[in-house]
Amino acid sequence: MSGVTEHIVSGHRSLLLCNPAVDGVQAAWLEPQFWGERARPVAVGGRGGAFFVQADAGELVLRQYLRGGMMARIMHRSYLFTGFNRCRSLREFRLLQRLRDMHLPVPEPIAALAERDGLFTCRAAILLRRIPGAVPLPVSPAVGDPELWQRLGALLARFHAAGLDHVDLNCDNVLHAPEGIWLIDFDRCRLRHPAQRWQQANLDRLQRSVAKRCHALPAAQRRALWAALMQGYAAMKPDQERQ
Ligand SMILES: Nc1ncnc2c1ncn2[C@@H]1O[C@H](COP(=O)(O)OP(=O)(O)O)[C@@H](O)[C@H]1O
Ligand SMILES: [Mg+2]
């Protein structure tokens, strides 16, 4: 297991999880303002709460958990607090550690913060190591290469065999880097028993996202790329899954 240290900061109102491999982590690191010019918003692929940060510890990504829908206008960053253990940032931090322990290509978590900001509400943020040279799949120069899609299919099968239900598997949460393909953005994701048959929903969501985000590719090419992905997926599926 990776080592984790948990610090309680500001009495019982906040919880900060830190990766012991990085020195000096503090709650202020989870606020973009702390970094000033060293934080800049991610331009492609995000929903608006993510920043690239140039820290002394290296290149990081800071993500605040934002609300969507109607409630976003009233409470942009606040969530119902139902206990620290259920807080989204802390859960994502711990899930990333488990996935890394299984040698799956996901970002290294640096810190996660949950802060109570009202009687019943909290705010959350996570800090990750930035994957060097990574770009979202739709803007990768290799997006038209069937071999890349076949490798992605094989990778998805590995995540599924490990039990990872990625509830937001879209093209922008697949990053292509010189050292390979990575999955990101594990908010609300969880490990589940493979026999429960949730895997197809992940693939269906990704396929819808491909149609939307890779629309510059001709439809016939998109179909061929998807077939390559499914070929890679089927080839990697554990034997018992195929029966
Ligand atoms: N660890 C990382 N390394 C490199 N780029 C990242 C990393 N994490 C996020 N990004 C970039 O930031 C974007 C948004 O991050 P993501 O975690 O998907 O948050 P959200 O979709 O909620 O905004 C991604 O599409 C990607 O372009
Ligand atoms: Mg995302």
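Q: So is D185 buried or exposed?
A: Buried: D185 has a relative accessibility of 12%. The cut-offs are under 20% relative accessible area for buried, over 50% for exposed and partly exposed in between, with a 1.4 Å probe and protein chains only.

Q: Before we go on, what am I looking at, and how is it numbered?
A: This is a predicted model, where local features need pLDDT of at least 70 and side-chain atom pairs count only at pLDDT 80 or more, while totals for chains, interfaces and linings use all residues. Residues are numbered from 1 along each chain as its sequence is written, chains are lettered from A and ligands numbered from 1 in the order in which they are written, and side-chain values use heavy atoms, with hydrogens and water left out.

Q: OK, back to the metal. What coordinates the magnesium ion?
A: The magnesium ion (ligand 2) is held by N173 through OD1 and by D185 through OD, at 2.2 Å. Donors here are N, O and S atoms within 2.8 Å of the metal (3.2 Å for Na, K and Ca), and water is not among the atoms, so sites may look incomplete.

Q: Where do those two sit in the chain?
A: N173 is in the loop between strand 10 (164–165) and strand 11 (174–177), and D185 is in the loop between strand 12 (180–183) and strand 13 (190–191), so the pair ties together parts twelve residues apart in sequence. Helices (H or I, at least four residues) and strands (E, at least two) are DSSP runs, numbered from the N terminus.

Q: And how accessible is N173?
A: N173 is buried, at 3% relative accessibility.

Q: What about H166, what does it touch?
A: H166 touches N173, L183, I184, D185, F186, C189 and N202, leaving out residues up to four places away in sequence. Contact means heavy atoms within 4.5 Å. H166 is in the loop between strand 10 and strand 11 and is buried at 1% relative accessibility. A polar atom of its side chain lies 2.9 Å from the backbone oxygen of I184.

Q: Switching to charges: how many salt bridges are there?
A: Eleven, from a search of the whole structure. The criterion is a side-chain nitrogen of Lys or Arg within 4 Å of a carboxyl oxygen of Asp or Glu.

Q: What does E59 pair with?
A: E59 bridges to R130, with the closest N and O atoms 3.4 Å apart. E59 is in strand 5 (residues 58–64) and R130 in the loop between strand 8 (121–129) and strand 9 (135–136), so parts 71 residues apart in sequence are tied together.

Q: And where are R151 and E147?
A: Both are in helix 3 (residues 146–162), four residues apart, about one turn of the helix.

Q: Last one: how many helices and strands in the protein chain?
A: Six helices and 13 strands. Of its 243 residues, 48% count as buried.

How values were computed:
Polar contact = N/O pair within 3.5 Å; in protein donor to acceptor, adjacent residues only side chain to side chain.
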